[in-house]
Amino acid sequence: MAKKNLEKIYEILSEEYNVFAETDNEWDNNGLNSTDFKSLVSVMLSAMTHTKRVVRACNALYEKATTPEQIIALTDDELTEMIRPVAHYNKKTKHLKELCRQVIEEFDGEVPKTKKELMSLQGVGRKTADILMNFNFGGETIAVDTHVHRLLNRLGIVETKSSKETADIINDITPKKYKKHAHEWLIQHGGNICISRKPKCRECVVYELCEYDEKTS
């Protein structure tokens, strides 16, 4: 049922939520995406981390370094201390240094603009690549994080175990006219209403179209 109503779900969510460019969001306010390189680094560091902690880490980093060359010039200890607010900061320090080396040596210091090339970078997975392709390089891709993956499964649009599988399906079945902003509507609804432990079903604007067995009245 939910798959058949996918367009209706998008229509409802598009009326409920603004796209990011129309909101007063912390990423824009703090310049986390003011260049392609900063967007890449910010999204990579954001994995498994709340936005406020991402902002703290990125603000500290970008005060000292905003290019791959400047980041490589930092010692590992300096870089680790700057990005300590994010999850797995030790691993991300190593990934970020290698990513910067790749950008310099393999892409002449420029962030690559294809999905395949982005995913060749250390620490860059499907979600990060999809976000960069959509927001920075004019693509129409739906990035799937834990919020979007959970929401789409609860709605009954997909029946999947992994975010990658969800991303493959939702990108395939979403009509073209919704692809550009679908991620923005889905992530807001998944993060604000269809939350993990106690979804706010009574506040859900797509309640009647949801197939979640445990939804509350």
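Student: How many nonpolar, polar and charged residues does the lining of the largest cavity have?

Tutor: Rolling a probe the size of a water molecule over the atoms shows where empty space is left. On a 1 Å grid over the protein atoms alone, a cavity is a set of points where a 1.4 Å probe fits but cannot get out, a pocket is an open set with protein on both sides within 12 Å along at least five of seven lines, and lining residues have an atom within 4 Å of a point. Here the lining of the largest cavity has eleven nonpolar, one polar and three charged residues, where Ala, Val, Leu, Ile, Met, Phe, Trp, Tyr, Cys and Pro count as nonpolar, Asp, Glu, Lys and Arg as charged, and the others, Gly among them, as polar. Of the 15 lining residues, Cys194, Pro199, Cys201, Cys204 and Cys210 are the closest to the centre of this cavity, and α10 gives the most to the lining, with three residues.

Student: What should I keep in mind about the model itself?

Tutor: This is a predicted model, in which local features need pLDDT of at least 70 and side-chain atom pairs count only at pLDDT 80 or more, while totals for chains, interfaces and linings use all residues. Residues are numbered from 1 along each chain as its sequence is written, and side-chain values use heavy atoms, with hydrogens and water left out.

Student: What volume does the largest pocket have, and which helix gives the most to its lining?

Tutor: Its volume is about 1600 Å³, a volume being the space filled by probe spheres set on the points, with grid points joined across faces, edges and corners. Helix α12 gives the most to the lining, with eight residues; helices are DSSP runs of H or I, at least four residues, numbered from the N terminus. Among the 47 lining residues, Trp27, Ser46, Thr51, Asp145 and Ile187 lie nearest the centre of the pocket.

Student: At what angle do α10 and α12 pack?

Tutor: Axes are lines fitted to C-alpha atoms, for helices over the stretch in contact, and angles run from 0 to 180 degrees between N-to-C directions. Helices α10 (residues 146-155) and α12 (residues 176-192) pack at about 85°, with their axes 8 Å apart, and are therefore roughly perpendicular to each other, the range for that term being 65 to 115 degrees. The contact (heavy atoms within 4.5 Å) involves residues including Leu151 of α10 and Ile187 of α12.

Notes:
Helix = DSSP H or I, 4+ residues; strand = E, 2+ residues; numbered from the N terminus. Parallel < 35°, antiparallel > 145°, perpendicular 65-115°, else oblique.
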